[in-house]
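Subject: Structure handover

Hello,

Here is the structure for your files. My notes follow below it.

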Amino acid sequence: MAHIKFDSSKLDKFVHDNELGEMQAMVTAADSELRKGTGAGSDFRDWLTLPTDFDKDEFARIKAAAKKIQGDSKVLVVIGIGGSYLGAKMAVDFLHDTFFNYLPDDQREFPQVFFAGNSLSPSYVYDLLNLIGDRDFSVNVISKSGTTTEPSIAFRIFKERLIEKYGLDGANQRIYATTDKQRGALREEAIANGYETFVIPDGVGGRYSVLSPVGLLPIAVSGASIDDLMQGAADAQTAYTDENLANNEAYQYAALRNILYRKGYTTELLENYEPNMQYLAEWWKQLMGESEGKDEKGIYPSSANFSTDLHSLGQYIQEGLRNLMETVVVVDKPNHDMDIPSEKDNLDGLKYLEGHTMSFANTKAFEGVTLAHTDGNVPNMSIHIPDQTPYTLGYLIYFFEVAVAVSGYLNGINPFNQPGVEAYKKNMFALLGKPGFEELGKELNQRL
């Protein structure tokens, strides 16, 4: 039995009894493309076995580096964008209390973990430098090439601050580079300056990289167990190998969302009822959007955080355009629970909830919303996770990764490339005056 549970029982009015079975032949073909490497993008399938086939010596170095950072730094600044940022941010948020990064130093066991290089906002960088102040900090810069604009600018700035504070040699001991094994500007700089380095595996794309050193070092620095994280993913790797839809809930999810997509449900909302799971949805949106949004097709990934967004998006979901499907990640046992207090006057009308807990109310909100949205003709699926532990997160990460890979092949696209991402970069380089883009720059400036 899988550690997490996929529930499609509320799809009865949207998917006929025979439809899932009719998908079996296509799922079998997609599974073969994925497992045998006959599908498009086969060079980027190493994430499939990453939970069990990883460099154990490097893994030990990651834990040693995390311990060093915990001992000499109050803050770790993680510099990266896209897959070099979202997975680690998601995991740190998911695995810790909501206000983990807000606790003062005298109440902390582990460093604060902040992220930079994921935008071009000067205010964000200034504010982060101001927050760090005179405190000790280290930097983990993550880039396969070392030339991506956003993280490269941020790295220059934080490196300069490290050198000002610790001198060149001291700064070099506080920079950890996660980059290509053999080539690239960051690899060259790391060798020249003696940075400790970790490898981004060649066969693992950015959005699939959270279980590689890309995500593991920041997660370990935060104090979460990366041993448990990888064990959860390893057990999921075993659980989701059967091509038979009856036995593989990750494949069921992939097949059902494709059935719904073909019926006009072209937008999928990933939803949760825990505020510290907001970045789970942000990570999921990159995983799904970059994997499936190609050739003028693909399910559009969006998200909502309940019950908060029920007071803003709830009206649209209930009665707006009927192109939405919902997938809810439900935590069966929250990190903490709170009793609802009794009050004599009952002015707020909550007496009927006295004797219950906030978790009870949250669960009933989920159940009520599911029934209301289903009645409003919005297909609903749910993924129940038992808790918010590293083991469970590793399991959930693998569930989504293998599901979107199969889903991509079901839709006839390469789930491992992202050719459209380069379009904005060319225009940005041209407008910034990067050498080699002069003619395009002239054209674009005339259009502006």
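Which residues have the most contacts inside the largest nonpolar core? They are Leu34, Trp47, Trp283 and Phe400, in a core of 91 residues. Helix H14 (residues 390–410) gives the largest share of this core, 14 residues. A nonpolar core here is a set of buried Ala, Val, Leu, Ile, Met, Phe, Trp, Tyr and Cys residues joined through side-chain atoms within 4.5 Å. Buried means under 20% relative accessible area, exposed over 50%, and partly exposed in between (1.4 Å probe, protein chains only). Another core lies apart, with 22 residues, including Val77, Ile79, Leu162 and Leu186.

Two points on the basis. This is a predicted model, in which local features need pLDDT of at least 70 and side-chain atom pairs count only at pLDDT 80 or more, while totals for chains, interfaces and linings use all residues. Residues are numbered from 1 along each chain as its sequence is written, and side-chain values use heavy atoms, without hydrogens and water.

Back to Trp283. Beyond its neighbours within four places in sequence, tryptophan 283 contacts (heavy atoms within 4.5 Å) Leu86, Gly87, Met90, Arg207, Val210, Ile397, Phe400 and Glu401.

Next, the sheet. Five strands form an open, parallel sheet, ordered E3-E2-E4-E5-E6. Strands E3 (112–116) and E6 (196–199) are at the edges with a single partner strand each, so one side of each has no neighbour in the sheet. The twist averages 20 degrees from one strand to the next. Strands pair if DSSP finds at least two bridges between them. Helices (H or I, at least four residues) and strands (E, at least two) are DSSP runs, numbered from the N terminus. Five bridges join E2 (residues 75–79) to E3; in one of them, valine 75 partners glutamine 112 of E3. Helix H6 (residues 149–172) lies across E2, E3, E4 (137–142) and E5 (175–179), at about 140 degrees to E4.

Then a helix pair. The axes of H3 (residues 56–72) and H8 (residues 213–221) come within 8 Å and cross at roughly 35 degrees. Axes are lines fitted to C-alpha atoms, for helices over the stretch in contact, with angles from 0 to 180 degrees between N-to-C directions. The contact residues include Phe59 and Ile62 of H3 and Leu216 and Leu217 of H8.

Last, a lysine. Lysine 89 is in helix H4 (residues 86–94). Lysine 89 counts as buried because its relative accessibility is 19%.

Best wishes
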